[in-house]
Amino acid sequence: MTEIELKFQVPPDARAAVSRAAASGRAGQTRLQAVYFDTPDRRLAAAGIAVRLRLEGTQWVQTAKAGDPHAMQRHEHNVPVEGAPDGPPPDLDLTRHDHTPAGALIARALGGATLVPLYRTDIQRTHRIVHAGRGTIELALDVGEITAGDLRWPVHELEIELVDGEVVAVLDAAACWVRRHGLWLDVRSKAERGDRLARRVTLGEPVPGRVFPAGASAKEVAATGLAHLLPNASEVASGEYAAGHLHQLRLALRRLAAALRTADADPAWVAALSTAYRATRDTTQAAAAVRAPAFTQALLALQALVVLPDGQAIDMSCNVDDIARS
C-alpha cells in the first residue's frame with residue numbers, strides 16, 4: 001500500500017487546544033511501543049527505509065516503510081504478528097515483506113546484511129476518523145518520546161493520514177489545523193530522528209538542491225524546489241540547526257520563488273516564499289519565519305500542485321470548526 005500523510009509539530013502554547021480538538025468526537029487512545037531495526041552501518045536509513053516491530057495496544061505489527069522520507073507518499077507494508085503484549089517483541093522476519101515494493105527495496109539495500117535493534121519509541125496516540133473534503137482521514141496526535149540508550153527525543157506532533165478518497169483531503173484538513181493552531185510542517189520522520197539518537201547526533205546533514213529542468217512546468221518546479229526546501233526548513237523551524245541548513249533554506253527559497261515566477265505560478269506562492277526569504281536574513285527570526293502559518297499554507301498549496309492531477313483546482317478551504325468538532 002501507499003501511505004499518504006503529513007506531519008506537523010505542535011507549538012507549546014497550542015498543545016492544550018490541539019489536545020482538546022484531537023480528543024473530541026469519537027476519539028480513541030492507543031499506546032504504541034515500537035523497536036526499530038537497521039544494520040550497524042545504517043543501510044536502511046541511507047536508503048530512506050524504516051523497519052519496525054510495534055505493539056499497538058495488544059497487537060504486535062511488523063511494518064516496513066520505504067521511499068523518500070521527506071515526501072507526502074511512501075510505500076508501507078504492515079503484517080500482524082503473534083506475540084504476547086506483556087512480553088518481549090516477537091522475532092523480526094523480513095520475509096513477511098516479500099513480494100511487496102517495500103520488501104524489494106529492503107532486499108536491495110541490505111544485500112544480505114543482518115538487522116539489529118537501534119532505537120525505540122513509546123507514544124500515546126489520540127486518534128479519530130474525520131470526513132474532510134473529498135476523502136476520509138485519520139487525525140493522530142502523538143505524545144511521547146524516542147529513545148536510544150540514555151538519549152531521549154520528546155514527541156508532540158499531529159499526523160494527518162489519508163484513509164480513503166483523494167489526496168486533497170489530507171491537504172484540506174492540514175490547512176484548517178495550521179490556520180487554527182499555528183502548526184508547522186515537519187518532514188523528519190520518527191525513524192530519522194531515532195537514527196540520529198542512535199548515532200548520538202542531533203542534526204541531519206543540510207540537503208542540497210538540484211537544477212530545475214529546462215522549460216519546467218510549475219508542477220515540476222514545485223516538486224524539485226520542495227525536495228530542496230522542506231528538509232532544510234524542518235531543521236530551521238525546530239530551532240536547532242547548523243549554518244548550512246539556513247544557507248540551503250535561503251537558497252531554496254530564492255531559487256523556487258524565481259522559478260515559479262518564470263513558470264507563471266500563483267503570485268501568492270511567490271510572495272510567501274519571498275517574504276520568508278527576507279525574514280530569514282535575521283538569524284534570530286529564521287525559525288519563526290518558517291513556522292509562520294502563512295508560509296506553511298504556501299507549502300501545502302505547492303504540495304497540492306505536485307500531487308493533484310493537472311488542471312484540478314487547488315482549493316483548501318474546509319471549515320476549521322467542522323474539522324475540530326467531528
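**Figure 1. Salt bridges across the model.** In this predicted model, the count of salt bridges comes to 19. Opposite charges on side chains can pair up when the charged atoms come close.

**Figure 2. Arginine 42 meets aspartate 195.** Here the two side chains form a salt bridge, 3.0 Å from N to O. Arginine 42 sits in the loop between β2 (28-38) and α2 (43-46), while aspartate 195 belongs to helix α5, so this pair ties together parts that are 153 residues apart in sequence. Are these two partners buried or exposed? Arginine 42 is buried, and aspartate 195 is too.

**Figure 3. Arginine 193 pairs with glutamate 157.** The closest N and O atoms of this salt bridge are 2.8 Å apart. Again, distant parts of the chain get linked: arginine 193 comes from helix α5 and glutamate 157 from strand β8 (residues 151-165), 36 residues apart. Arginine 193 has a relative accessible area of 1%, and glutamate 157 has 0%. Buried means under 20%, so arginine 193 counts as buried, and so does glutamate 157.

Figure 4. Glutamate 235 is in helix α6 (residues 218-238) and arginine 188 in the loop between β9 (184-185) and α5, so the pair ties together parts 47 residues apart in sequence. Both ends are tucked away: glutamate 235 is buried at 3% relative accessibility, and arginine 188 is buried at 6%. Elsewhere, salt bridges with shared partners join Arg125, Asp142, Glu157, Glu159, Lys190 and Arg193 into one network.

**Figure 5. Helix α5, wrapped up by its surroundings.** Seven of the nine residues in α5 (residues 190-198) are buried, so the helix is largely enclosed by the rest of the structure. Among the buried ones are Lys190, Arg193, Asp195 and Leu197. After α5 comes arginine 200, with a positive phi near 60°.

**Figure 6. The largest nonpolar core.** This core has 65 residues, and Leu6, Phe8, Ile137, Ile160, Leu229 and Leu273 have the most contacts inside it. Which helix gives the most to this core? That's α4 (residues 168-181), with ten residues. A separate core of 15 residues includes Ile49, Val51, Ile106 and Leu110.

**Figure 7. The largest pocket.** Its volume is about 690 Å³. Of the 37 residues lining the pocket, Glu3, Glu5, Lys65, Arg125 and Glu159 lie nearest its centre. Sorted by class, the lining has 16 charged, 14 nonpolar and seven polar residues.

Terms used:
Residues numbered from 1 in each chain as written. Predicted model: local features only at pLDDT ≥ 70, side-chain atom pairs only at ≥ 80, totals over all residues. Heavy atoms only, no water. 1 Å grid on protein atoms, 1.4 Å probe; cavity = no way out; pocket = protein on both sides within 12 Å on 5 of 7 lines; lining within 4 Å. Points joined across faces, edges and corners; volume = space filled by probe spheres on them. Nonpolar A, V, L, I, M, F, W, Y, C, P; charged D, E, K, R; others polar. Core = buried A, V, L, I, M, F, W, Y, C linked by side-chain atoms within 4.5 Å. Buried < 20%, exposed > 50% of the residue type's maximum accessible area, 1.4 Å probe, protein only. Helix = DSSP H or I, 4+ residues; strand = E, 2+ residues; numbered from the N terminus. Salt bridge = Lys/Arg side-chain N within 4 Å of Asp/Glu carboxyl O.
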